[in-house]
Amino acid sequence: MTSGFDRWEKDPFFPAAEEVQDSADRMESTHRTWIHARKDASSMWDPEELGRDLRTTLGTTKWQLEEFVRAVRSSYARRSCEDARDRHHQFIVAIEEQVSKIEKSLKEAALSEGKATQPWVRLDEGECNELAFFLSGPSASEEKVIAKGNDRDSENPRVTDGDTAPGSSKNSCGSNERGSQKTREEKPHGHRRTASASADIGALKIAVFDDGYVPGSSAKMVEHPVRKIPSMSGFLSSMETASKLKWSKNGFRKWKAVDRHEDADAALLPSTQLTRGVNACFEKNKSCLDSCDECYDKPLYGWYGAIQRQLQRSQYHMQYSWPARIALWIKKFDEEEPPRTPQSVGLVIGVTGIVGNSLAEILPLSDTPGGPWKVYGVARRPRPNWNADHPVEYIQCDISDPDDAKTKLSPLTDVTHIFYVTWTNRSTEAENCEANAVMLRNVLNSVIPNAPKLQHVCLQTGAKHYVGPFELFGKIQPHEPPFTEDLPRLDAPNFYYTLEDLLFAEVAKKENLTWSVHRPDAIFGFSPSSMMNIIGTLCVYAAICKHEGRPLKFPGSKAAWNCYSVASDADLIAEQHIWAAVDPYAKNEAFNINNGDVFKWKHFWKVLAEQFGIEEYGIDEGGGRLSLVELMKGKEKVWEEIVRENELQPTKLAEVGVWWFVDVWLSGEGLLCSMNKSKEHGFLGFRNSRNSFVTWIDKMKAFQIKKADEDEQPRAPESVGLVIGVTGIVGNSLAEILPLSDTPGGPWKVYGVARRPRPNWSADHPIEYVQCDVSDPEDAKTKLSPLTDVTHIFYVTWANRSTEVENCEVNGNMLRNVLESVIPNAPNLRHICLQTGGKHYLGPFESFGKIQPHDPPFTEDLPRLDTPNFYYTQEDLLFAEVEKKEDLTWSVHRPDMIFGFSPYSMMNIVGTLCVYAAICKHEGLPLRFPGSKAAWNSYSVASDADLIAEHHIWAAVDPYAKNEAFNINNGDVFKWKHFWKVLAEQFGIEEYGIDEGGGRLRLAERMKGKEGVWEEIVRENELKETKLEEVGVWWFVDVVLGGEGLFSSMNKSKEHGFVGFRNSRNSFVTWIDKMKSFKIVP
């Protein structure tokens, strides 16, 4: 990574990246547990069950990453931001490396055991139902919406391809039974996006609905019995990371509740019912959740609160699938809405510290409670590069200097909340009391009198409140753990006591000003500037041991090695600060804060060793205790070597290794603090300490990496693609996918050829655009023959003429002009992809109903029809030209009806239907189906444009696909009677259906004279300037929807190694959203 994680906070894809990262985290954690279980026969974990869970989490991660890649690609068409591209690229590569590592590990394990690799688990019927129910909410059979139109089937339950009826699980909520261990036969993977094809994860809509919710653009609440959450025990019974199933980065995102008077109508899931549903997987929350009142008015925090809020608000705005929500984020980003006026203004004192850094990341997020937040960040040093992209106003200020504090802080008159999370260390506790009191006093004296809206001050101290200062460890009698907040102070100097007394006195001077005190344990977090960074110090120690080839010995006592310990995640501490700052139930109270679980260093030490690839580790049983202060003396040169050899950020050993702190902390038994008070006051946040430990180690690694990606020269292209028809519906997808760093055959350099000037929606594709009329042999020769480095041609264009004979001539000439210009001049040309279509089996449009087509399903070996067809002309020409060059290969791709995006496409059914729907909405007309009853009721198939592009790339680089013709479609079926409801919902049209009584509606007739209406729609909705004839291909829709859907078989593609697929419903919605996000339609 080349910049701070906080850079993502300003990125519109931040929530999507979090979902992918959370899945990757669960995958990694499951993988580690699986490795341990396989090595340790006495482990409590079942390796076979963990293997199933690992393959499940692997598939989920890969699918989410695929959708993320597609979404970020589409965003580049609207604005150019190299920084965003780099950030997305680095994230994608990092996740792909994780995926690749897991896949390799699974394969090696299978080979070592003499088993076939198992890409997917096979759940039993009950588990399948539960999983689908959990991921997708109600199936189509539950969505009983009676339209004002004549959709007769809307009153009857139905299940289309991609819809999953939940049924009733055989597993109770507390069951841990699993299905059979059977697995599906492994299929070859011909493309990076096809790995998930053997299980239709894409068909599962990631949203959680209440039974009373009817998905659609106009949400209507219907009273139904409250649904219980299905058990996940059969899915994740052995997953160590189950407790980290987060819905967002913050474990406590605040639900903005509806009016309490509407609760009866909303039928929200009560706390107790939710608790019973999740207890089987998350027993740790049981006691506190069952006590929650159904009408609890306080905002809920932590995992349980997040789950409940997601379920509650799902009734209003979680009806979109995961890719669709990404498109909505893009749209919101593109509309460039002015930022909302801050509701709260935070002043973080110690913003570069271990908790201050987390506050600087979390506070500015749009959904942080009390927000929108404006944030000032104060620190003594100049702003470090790893903190530079936090969206805070950075103030370099030495708060120990009263004049500097007054000068810098007193002008901050808009501050509403102070987060004091800094301290300084002196040689004695008496000096600590004095120095730290001066710092806090300078801040309060500078801000309180000058900030009239100041509401709350958060002060962070720590667990030394109960055990005394470091200098007195072992000299005074501390309290007996577990520590509770009401324990009396110890009779010893403690600067924590000094700070609290000062805070209480200053707050009392201002009416209605409140306070809270936060007492974390050992903090797991990230900050190279922290004086108490145990994670960073242990990472440096481990790196030195690895470099010197030494065992990783535990630098603590046997008591610390064997006892239970607790830790406090820095993000969790920040969340508690924010909770206390905005929740009236937390005012004027002190709270402990830790992760809520326990661990032993003897277990975590193995984790640390694995993270740094150290095989020998442990505690020195025979010798005395190891001291890092002593061991690390004279290691400065060693650290310099490590920095230089690994191209790390330049740092001094003294800056990154706080040896004394680790020696003190690991000197005795762990001391436990109670979290009961926090929970009773409403903060239910927690972290899995093991996951937290690994996460912050990973962040240390990520931030220590030098900005090599910016310094290194890009790799020389391995392949050079020439896309003919780059602004078309598939050409646009090729232009997005080919330049990606992980596209097979890459790195790719891409030329994109089209007849028109480059459109603005294509301007940010990283391609070399060539405006060329390939129907003109001279223009083609002039523009294309100089492209001597081309290795692959992707021919995805065509021209339409009034007769098929003319089509054969013009399209034959266009292809010939391209091949004759490129083949003789491109010595490295390897392969040519030619796209034709399903009319190969049906004949041209003009012959529909006049000749006998083949009987579907269509297979690639069917003979040609005895009729003119420009597809046949192009194929013959291709075969002849390829024969002239040795080792040049070809492939032919035959999609069905294409779902995709291009305002320039002559066959864009999604775009045309969107325009039609927008006009119906504008005129207040019902959305009547413009096709035959046969088309309305029959099964149909579609081909996603991105999937077609992936098919092209697969054939271009896979030797098993050479010199073959392939059908390509999504691999599922649908009915227009079901999709019509989806289209109506997307445009907020309540009356829709087919006209049962009248004749067939034809768009070519219906849309005559609507040019003025479209101009009004464009003007009123501030859309891109377009003419109706540019965006509405009425004749094409009339033809496609004129009869029954026809099927092409995908068997040949699968048998040759391409197992990619798409959920057609999700594809349909995704491309509608893209039309909206590019402001082609409202």
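Predicted model: local features only at pLDDT ≥ 70, side-chain atom pairs only at ≥ 80, totals over all residues.
Let us begin with helix H32, which covers residues 909-923, and helix H35, which covers residues 976-986. Two packed helices are described by the angle between their axes and the distance between the axes. Here the angle is about 55° and the axes are 11 Å apart. H32 and H35 are therefore oblique to each other. The crossing of H32 past H35 is right-handed.

Which residues of H32 and H35 meet? From H32 come Ile909, Leu913, Tyr916 and Ala917, and from H35 come Trp976, Trp980 and Leu983. Sorted by class, this contact has seven nonpolar residues, with no polar and no charged ones.

**Aromatic rings**

A pair of aromatic rings is described by the distance of the centres and the angle of the planes. Here are two pairs to find in the model.

| Pair | Arrangement | Centre to centre | Between the planes |
|---|---|---|---|
| Tyr466 and Phe483 | stacked | 5.0 Å | 20° |
| Trp748 and Phe794 | tilted | 5.8 Å | 55° |

Tyr466 sits in helix H14 (residues 464-467), while Phe483 is in the loop between H14 and helix H15 (495-507), so this pair ties together parts that are 17 residues apart in sequence. Are Tyr466 and Phe483 buried or exposed? Both Tyr466 and Phe483 are buried.

The other pair links distant parts of the chain, with Trp748 in strand E13 (residues 748-754) and Phe794 in strand E15 (residues 792-795), 46 residues apart. Trp748 counts as buried because its relative accessibility is 7%, under the 20% cut-off. Phe794 has a relative accessible area of 0%, so Phe794 is buried as well.

Rings can also gather in a cluster: Phe524, Phe599, Trp601, Phe604 and Phe693 form one.

**A serine beside the cluster members**

Where is Ser689? Ser689 belongs to helix H25, which spans residues 689-704. With a relative accessibility of 1%, Ser689 counts as buried. Leaving aside residues up to four places away in sequence, Ser689 touches Phe524, Ala567, Asn595, Asp597, Phe599 and Phe604. Among these, Phe524, Phe599 and Phe604 also belong to the aromatic cluster.

Which peptide bonds are worth a look? One of them runs from Gly371 to Pro372 and is cis, with omega near 5°. Pro372 is in the loop between helix H11 (356-362) and strand E2 (373-379). Another cis peptide bond joins Gly746 and Pro747, with omega about 5°. Pro747 is found in the loop between helix H27 (731-737) and E13, the strand that holds Trp748.

Next, turn to the backbone angle phi. Glu647 is not a glycine, yet its phi is positive, at about 50°. You can find Glu647 in the loop between helix H21 (636-645) and helix H22 (653-656). Glu647 has a relative accessible area of 45%, so this residue is partly exposed.

Asn963, another residue other than glycine, has a positive phi near 55°. Its place is in the loop between helix H34 (945-957) and strand E22 (964-968). Why does Asn963 count as partly exposed? The reason is its relative accessibility of 35%, because partly exposed covers values between the 20% limit for buried and the 50% limit for exposed.

Terms used. Residues numbered from 1 in each chain as written. Heavy atoms only, no water. Axes fitted to C-alpha atoms, helices over the stretch in contact; angles between N-to-C directions. Helix = DSSP H or I, 4+ residues; strand = E, 2+ residues; numbered from the N terminus. Parallel < 35°, antiparallel > 145°, perpendicular 65-115°, else oblique. Left-handed = near helix turned anticlockwise from the far one by under 90°. Contact = heavy atoms within 4.5 Å. Nonpolar A, V, L, I, M, F, W, Y, C, P; charged D, E, K, R; others polar. Buried < 20%, exposed > 50% of the residue type's maximum accessible area, 1.4 Å probe, protein only. Phe/Tyr/Trp six-rings, centres within 6.5 Å; stacked < 30°, edge-to-face > 60°.
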